[in-house]
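Please have the sequence and the model open as you read.

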Amino acid sequence: MITKVNNNNTYSSFKNHSNVKQGYIARRYHTSESVDFKTKIKAATGGIVGTAVPLIYFTRKNPGIKNIIHMKYGLKEMLITSISGIMGGAAFGMIGETPKKQERKRKEAIFQIMNSTLPLLGVAGFLKLSERVKELDNRPAKIAGTALGVAFGMWGGAILSNKINDPKDLEPDRRIEIKDAIANIDDVFSALVLAKFPFIDKLHIEKALPIIFSWCGYRAGQSN
């Protein structure tokens, strides 16, 4: 514990570090006040349930898949599972909350859904195009196309979620900045898996997707 600080520079550095940390947490979880333990539990439970339900359905439809860890993801599976996880986290997180906080969680869920699905659609669209255009069917082009698909997907998601959440434009628009992209980097892992780069296959990120989708649901459910 620091009881006395004589050096103004030391205090300033400590304060700046604290501000950076708090700013990162606020961007990542979109919170303006501390979240109580009960709300965290509700949001986490909803995110897990929302993610597990579609994954169990998909694995039962495919007898060759032993469990959700060995799930083979296509665009449809990623879209449905990510949306379900976010909706589950938000829905459970709303239980017992004030109407104002419920509205904030609903808006955050919409933003998270747009931020998760539009990059996927952007990458999928580019991959389809690369199958038809020979000049785009190579690794450098696919890396660039994936990056652009993710970037424009996040940018478009912010615009679309603002239109849905605030159709009369009564509030300042929520924008995607570099800091937001860094704070929400886990949202783009599914896009990298969809692109099927060899180095991504070796990392087996697809096995972590259920955790990532549940985590996105948790973030939406505890947002205030």
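Buried means under 20% relative accessible area, exposed over 50%, and partly exposed in between, with a 1.4 Å probe and protein chains only. This is a predicted model, in which local features need pLDDT of at least 70, side-chain atom pairs count only at pLDDT 80 or more, and totals for chains, interfaces and linings use all residues. Residues are numbered from 1 along each chain as its sequence is written, and side-chain values use heavy atoms, with hydrogens and water left out.

| Residue | Place | Relative accessibility |

Helices here are DSSP runs (H or I, at least four residues), numbered from the N terminus. Leaving aside residues up to four places away in sequence, Asn162 touches Pro167, Asp173 and Arg174; contact means heavy atoms within 4.5 Å.

From C-alpha to C-alpha, Asn224 lies 7.9 Å from Val35, although 189 residues separate them in sequence.

Back in helix H5, Phe152 and Trp155 sit three residues apart, about one turn of the helix. Both are exposed. How many aromatic pairs does the structure hold? There are four. One of them joins Phe152 and Trp155 edge-to-face, at 6.2 Å centre to centre with 85° between the planes. Rings of Phe, Tyr and Trp (its six-membered ring) pair if their centres lie within 6.5 Å; planes under 30 degrees apart count as stacked, over 60 as edge-to-face and the rest as tilted.

Technical notes: Helix = DSSP H or I, 4+ residues; strand = E, 2+ residues; numbered from the N terminus.
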